[in-house]
Amino acid sequence: MRLTLPRLATLAAGLAFATAAAAHPPIGQTASTPPATPAATAPTTASLQGDQASWINDPHMHAFYDATVAAFANGPAKVDQAAFEKKAHDIFWEFAISRGASPQAMEEHLKLIPDQVVQIAKEDPKVLASYHNFVEAVFGPQ
């Protein structure tokens, strides 16, 4: 059987109906209580970032936070974007060297971060109130 777009749509609709029908008993019948899900099969989450803690605790990330705070010292409207990006570049370059990584590769990996941080801090100045807030904005909730 060749699956054309109309046949795929019919198949998808049938599958959706069958799934819904299996989940709900016919009118007049009661559903049995489903068995408890074992803890071993409960959904889990994992970070694709790897070891964030080592980055978060690294003095270079603290220096990047300090540079961001300094860039916003005169208010969000007066951030010198070019100077901030240069400072971030220098910090990320040294960060790479300290970790035995390629500075060029680290620069490529982090190249969008300075602009994103400026946008985040302009939208929510509380991000710069503490390193903890900054980390949550840049790395996500810990």
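Reader: What is the mean pLDDT of the chain, and what share of its residues reach 70 or more?

Author: pLDDT is the predictor's confidence in each residue, from 0 to 100. The chain has a mean pLDDT of 76, and 65% of its residues reach 70 or more. This is a predicted model, in which local features need pLDDT of at least 70 and side-chain atom pairs count only at pLDDT 80 or more, while totals for chains, interfaces and linings use all residues. Residues are numbered from 1 along each chain as its sequence is written, and side-chain values use heavy atoms, with hydrogens and water left out.

Reader: Where is confidence lowest, and where is it highest?

Author: Helices are DSSP runs (H or I, at least four residues), numbered from the N terminus. Confidence is lowest in helix 1 (residues 5–23), with a mean of 37, and highest in helix 3 (residues 59–71), at 96. Over residues 1–27 pLDDT stays under 50, and the model has five contacts beyond four places in sequence for them; contact means heavy atoms within 4.5 Å.

Reader: At what angle do helix 3 and helix 4 cross?

Author: Axes are lines fitted to C-alpha atoms, for helices over the stretch in contact, and angles run from 0 to 180 degrees between N-to-C directions. Angles under 35 degrees count as roughly parallel, over 145 as roughly antiparallel, 65 to 115 as roughly perpendicular and the rest as oblique. The axes of helix 3 and helix 4 cross at roughly 175° and come within 10 Å. Helix 3 is therefore roughly antiparallel to helix 4. Residues that meet include F64 and A67 in helix 3, and F84 and I91 in helix 4. This contact divides into 10 nonpolar, three polar and two charged residues; Ala, Val, Leu, Ile, Met, Phe, Trp, Tyr, Cys and Pro count as nonpolar, Asp, Glu, Lys and Arg as charged, and the others, Gly among them, as polar.

Reader: How do helix 3 and helix 7 pack?

Author: Their axes lie 11 Å apart, at an angle of about 100°. That makes helix 3 roughly perpendicular to helix 7. M61, H62, F64, Y65 and T68 of helix 3 make the contact with Y131, F134 and F139 of helix 7. By class, it has six nonpolar, two polar and no charged residues.

Reader: How many aromatic pairs are there?

Author: Rings of Phe, Tyr and Trp (its six-membered ring) pair if their centres lie within 6.5 Å; planes under 30 degrees apart count as stacked, over 60 as edge-to-face and the rest as tilted. The count comes to seven aromatic pairs. Among them, Y65 and Y131 are edge-to-face, at 5.6 Å centre to centre with 75° between the planes. Y65 lies in helix 3 and Y131 in helix 7 (residues 131–139), so this pair ties together parts that are 66 residues apart in sequence.

Key:
Helices (H or I, at least four residues) and strands (E, at least two) are DSSP runs, numbered from the N terminus.
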